[in-house]
Amino acid sequence: MTTERSTFLLDETQIPTQWYNVVPDLPEPPPPPLHPGTHEPVGPDDLAPLFPMALIEQEVSTEQYVDIPGGVLDVYRIWRPSPLVRARRLERLLDTPAKIFFKYEGVSPAGSHKPNTAVPQAWYNHQEGVTRLTTETGAGQWGTSLAFATAQYGMDCEVWQVRSSYDQKPARRTMMEIYGATLHASPSELTEAGRTILAEHPDSPGSLGIAISEAVEAALQRDDTRYALGSVLNHVLLHQTVIGEEALLQMQQAEATPDVIVGCTGGGSNFGGLSFPFIREKLAGRMDPVIRCVEPAAAPSLTRGEYRYDFGDAIGMTPLMKMHTLGHGFIPDPIHAGGLRYHGMAPLVSHVYELGLAEAESIGQLECFEAALMFARTQGIVPAPEPTHAIAAAIREARRCKETGESKTILTALCGHGHLDMASYESYLTGRMQDLDFPEEQLTAALAAVPTL
Ligand SMILES: Cc1ncc(COP(=O)(O)O)c(C=O)c1O
């Protein structure tokens with residue numbers, strides 16, 4: 001019989017009742033979003049056609065904590081608190097003195113961390129009388145999450161799914177339809193933005209930036225409709241802090257303090273959600289973990305992009321945000337981690353990175369899938385393609401520990417399972433998956449199109 005404890009669970013009563021806002025704790029505030037026409041900071045009225053007022057207030061909030069409404073907690077209780085697991089079997093395979101912990105968000109109905117923000121976004125819209133939400137989805141995880149969340153409050157949901165993902169992941173489409181959502185492959189003929197892209201690139205694989213343009217345009221056309229974004233914005237990262245707050249309690253249970261925190265970054269929401277409460281602890285001097293973003297080599301916004309004002313979408317309809325960007329026109333290769341194929345990084349994650357509170361590395365998809373197989377064959381869970389980047393980074397760190405003999409404590413978020421990503425695994429297992437060269441010329445061209453302020 002083994003007495004080693006591996007899973008750290010919280011009681012339902014320990015679901016956080018407040019989200020944590022890192023902004024007031026940072027040594028300087030993040031630069032504000034700017035109006036694309038005037039280049040002045042955007043005000044609530046500029047955002048009101050897209051978002052409900054409660055979310056706009058959260059977007060600019062300088063309060064350290066925001067209460068989670070009861071109507072949101074009721075839905076969180078379906079799957080929260082989520083487990084924290086010590087990956088002892090993976091540690092043994094790696095023969096490392098490191099301790100690897102992962103916070104598992106794949107237990108949510110959609111199979112990822114995305115419902116942590118989809119539910120409050122749907123709830124606040126519903127409270128303000130909105131009956132229909134539009135959105136984009138890359139991996140399909142976010143679209144599924146919003147479809148699930150809108151179903152909780154009897155709202156309609158319309159999703160523009162990036163073409164490459166729409167073709168690769170028919171099961172995600174079906175899942176969104178089960179929850180009652182309407183799906184379109186993006187670029188689509190339904191919007192001006194989609195038609196513009198298709199006229200130039202009839203075979204466009206799409207991108208998150210293009211799908212955002214379409215969903216935003218569709219939301220602006222009707223009074224009963226607003227838009228919901230699955231990552232990037234401050235209020236999204238705020239909602240995701242339930243991950244880190246729970247993980248802090250669970251690490252205490254495990255009597256462990258992280259030396260290294262790694263998280264995959266597409267738009268930055270699971271990373272921010274996990275790491276911001278730990279950044280609070282770090283800034284308060286209670287611990288000192290190294291905090292590392294892990295991005296795909298095909299969309300390396302932090303490690304190869306520039307820190308400057310750019311649009312959040314491909315066409316240039318959103319406010320300008322100061323962020324690490326590859327250029328809003330950059331279309332990353334159709335790698336399997338569809339949720340990481342975004343040209344920008346959350347302004348708040350970019351800011352934290354600029355302040356030196358986080359570092360970054362990029363990893364190619366072959367190393368990620370190799371790591372995923374090691375993880376699945378030891379811990380049993382098949383990861384979504386996005387968090388395979390976090391696992392690969394955790395394995396790199398654990399291997400370094402083996403070389404140096406250090407027994408560091410590594411914490412990561414396994415932010416989703418890959419049950420609907422079998423085509424990606426099949427491509428890896430049959431040797432068809434490749435690491436693609438990063439197109440430097442395309443990056444230079446895309447950065448040249450970023451507005452100069
Ligand atoms: C499972 C999963 N992980 C990660 C991401 C990347 O988003 P973020 O960086 O906001 O966590 C996505 C996005 O779709 C996703 O579906």
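Predicted model: local features only at pLDDT ≥ 70, side-chain atom pairs only at ≥ 80, totals over all residues.

Student: Let's start with helices. How do I describe two that pack together?

Tutor: Two packed helices are described by the angle between their axes and by the distance between those axes. Take helix H5, residues 115-127, and helix H11, residues 234-253: their axes come within 8 Å and cross at roughly 125°. That angle makes H5 oblique to H11. The crossing of H5 past H11 is right-handed.

Student: Which residues in H5 and H11 meet?

Tutor: From H5 there are Asn-116, Thr-117 and Pro-120, and from H11 there are Val-236, His-239, Gln-240, Val-242 and Ile-243. Sorted by class, the contact of H5 with H11 has four nonpolar, four polar and no charged residues.

Student: At what angle do the axes of helix H9 and helix H10 cross?

Tutor: The axes of H9 (residues 192-200) and H10 (residues 208-220) cross at roughly 145° and come within 7 Å. On the H9 side you will find Glu-192, Ala-193, Gly-194 and Ile-197, which meet Ile-210, Ser-213, Glu-214 and Glu-217 in H10. The residues of this contact divide into three nonpolar, two polar and three charged.

Student: Now the inside. Which residues in the largest nonpolar core touch the most other members?

Tutor: The general idea is that in soluble globular proteins, nonpolar side chains tend to be buried together. Here the largest nonpolar core has 128 residues, and those touching the most other members are Ile-100, Phe-101, Leu-146, Ala-394 and Ile-410. Setting aside neighbours within four places in sequence, Ile-410 is in contact with residues including Ala-98, Ile-100, Phe-101, Val-260, Val-262 and Ala-394. Lys-99 and Glu-397 are also among the contacts of Ile-410.

Student: Is Trp-142 buried or exposed?

Tutor: Counting neighbours is the way to tell: a residue is buried if 20 or more other C-beta atoms lie within 10 Å of its own. Trp-142 has 32 within that distance, so it is buried. You can find Trp-142 in helix H6, residues 141-152.

Student: What does Trp-142 touch, beyond residues up to four places away in sequence?

Tutor: Trp-142 touches Lys-114, Thr-135, Thr-137 and Gly-230. Distance along the chain and distance in space can be read side by side, too. Trp-142 and Leu-229 are 87 residues apart in sequence, and their C-alpha atoms are 8.7 Å apart in space.

Student: What about phi at Asp-95 and Glu-255?

Tutor: Asp-95 is not a glycine, yet its phi is positive, about 50°. Asp-95 lies in the loop between helix H4 (88-94) and strand S5 (99-104), and it counts as exposed because it has 9 C-beta neighbours inside 10 Å. Glu-255, also not a glycine, has a positive phi of about 55°. Its place is the loop between H11 and strand S10 (260-264). With 7 other C-beta atoms within 10 Å, Glu-255 is exposed.

Definitions and conventions. Residues numbered from 1 in each chain as written. Axes fitted to C-alpha atoms, helices over the stretch in contact; angles between N-to-C directions. Helix = DSSP H or I, 4+ residues; strand = E, 2+ residues; numbered from the N terminus. Parallel < 35°, antiparallel > 145°, perpendicular 65-115°, else oblique. Left-handed = near helix turned anticlockwise from the far one by under 90°. Contact = placed C-beta atoms within 7 Å. Nonpolar A, V, L, I, M, F, W, Y, C, P; charged D, E, K, R; others polar. Core = buried A, V, L, I, M, F, W, Y, C linked by C-beta atoms within 7 Å. Buried ≥ 20, exposed ≤ 12 C-beta atoms within 10 Å, placed from the backbone.
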